[in-house]
Amino acid sequence: MEARSVTWTTTRAPEEGAPAREGLRARKKRLMRQQLSDAATEMFMERGFDAVRVSEVAEACGVSEQTVFNYFPTKESLVLDRWDATAASLRSSLADVGTPLVTAVQRIVAGELGDLLSWLGGQDDPVRARATMRRFTELVEDTSALRAHQRDARDQVVAVAAGILAERIGLSPDAPEPRIAATALVGLWDVKADAVKKHLYGDLGLDEVRERVLEEVRRAAQVIDGGLRAWIDG
């Protein structure tokens with residue numbers, strides 16, 4: 001395959017980079033995971049998700065099909081893995097009783113958006129990068145298996161958040177209150193995603209995109225903030 005100008009792992013779920021004391025083994029695993037995901041995403045975009053076999057991704061990367069599944073449990077997770085990082089952020093942020101729930105989530109959302117826009121701003125051809133990101137979004141929207149995986153992953157994040165909230169307030173994890181609270185909080189990612197689609201794929205500068213997206217997230221957050229504060233404090 002030709003050299004790629006887009007690092008797809010970063011496009012989908014921007015990361016802060018390798019750990020400062022990352023060992024050789026951990027580095028090799030991280031780079032292999034990224035290589036597999038990058039190759040799969042490019043192939044899916046070129047030919048369609050259903051037309052590409054996992055064995056072809058493995059062959060393109062010079063590894064066995066089993067190696068691919070050692071890193072990614074499903075074909076869909078090769079390109080949709082950002083919710084794992086989101087769940088990890090929620091685990092630490094929502095457990096902090098000193099931070100209001102909505103504030104904690106807004107910080108995570110703003111951080112993820114900032115990583116994405118910083119990555120875009122660092123590309124040699126930001127316009128082309130935006131166009132390629134739009135193609136990736138369309139790939140997910142047009143592929144039933146990817147849409148289903150996205151829904152399942154989102155539901156798992158809601159479950160994680162509900163469990164943390166239940167423990168924080170002293171309720172059973174299957175109680176309705178933490179579940180609806182978690183659903184509302186995770187809904188802020190839906191607002192962000194819709195706002196990014198609305199504002200990123202036009203002629204706006206990245207700073208203005210950031211402002212408009214975060215303003216929509218803020219407005220949505222205001223709707224749920226009062227109820228969540230009353231529930232937690234009550």
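Student: What do the buried residues of α3 pack against, and what makes this packing?

Tutor: The buried residues of α3 pack against α2 (24-47) and α4. Contact means heavy atoms within 4.5 Å. The model is predicted, local features need pLDDT of at least 70, side-chain atom pairs count only at pLDDT 80 or more, and totals for chains, interfaces and linings use all residues. Residues are numbered from 1 along each chain as its sequence is written, and side-chain values use heavy atoms, with hydrogens and water left out.

Student: Which residues of helix α3 are called buried?

Tutor: In helix α3 (residues 54-61) they are V54, E56, V57, A58 and C61. Buried means under 20% relative accessible area, with a 1.4 Å probe and protein chains only. Helices are DSSP runs of H or I with at least four residues, numbered from the N terminus. After α3 comes G62, with a positive phi near 75 degrees.

Student: Why does K75 have no salt bridge?

Tutor: A salt bridge requires a side-chain nitrogen of Lys or Arg within 4 Å of a carboxyl oxygen of Asp or Glu. Lys counts as positive and Asp as negative. The nearest side chain of opposite charge to buried K75, D50, is 5.1 Å away, so K75 has no salt bridge by that definition.

Student: What does the side chain of K75 reach, and where is K75 found?

Tutor: The side chain of K75 reaches the backbone oxygen of F49 at 2.7 Å. K75 is found in the loop between α4 (65-71) and α5 (82-94). K75 also touches residues including F44, V52, V54 and F69, not counting residues up to four places away in sequence.

Note on methods
Helix = DSSP H or I, 4+ residues; strand = E, 2+ residues; numbered from the N terminus. Buried < 20%, exposed > 50% of the residue type's maximum accessible area, 1.4 Å probe, protein only. Polar contact = N/O pair within 3.5 Å; in protein donor to acceptor, adjacent residues only side chain to side chain.
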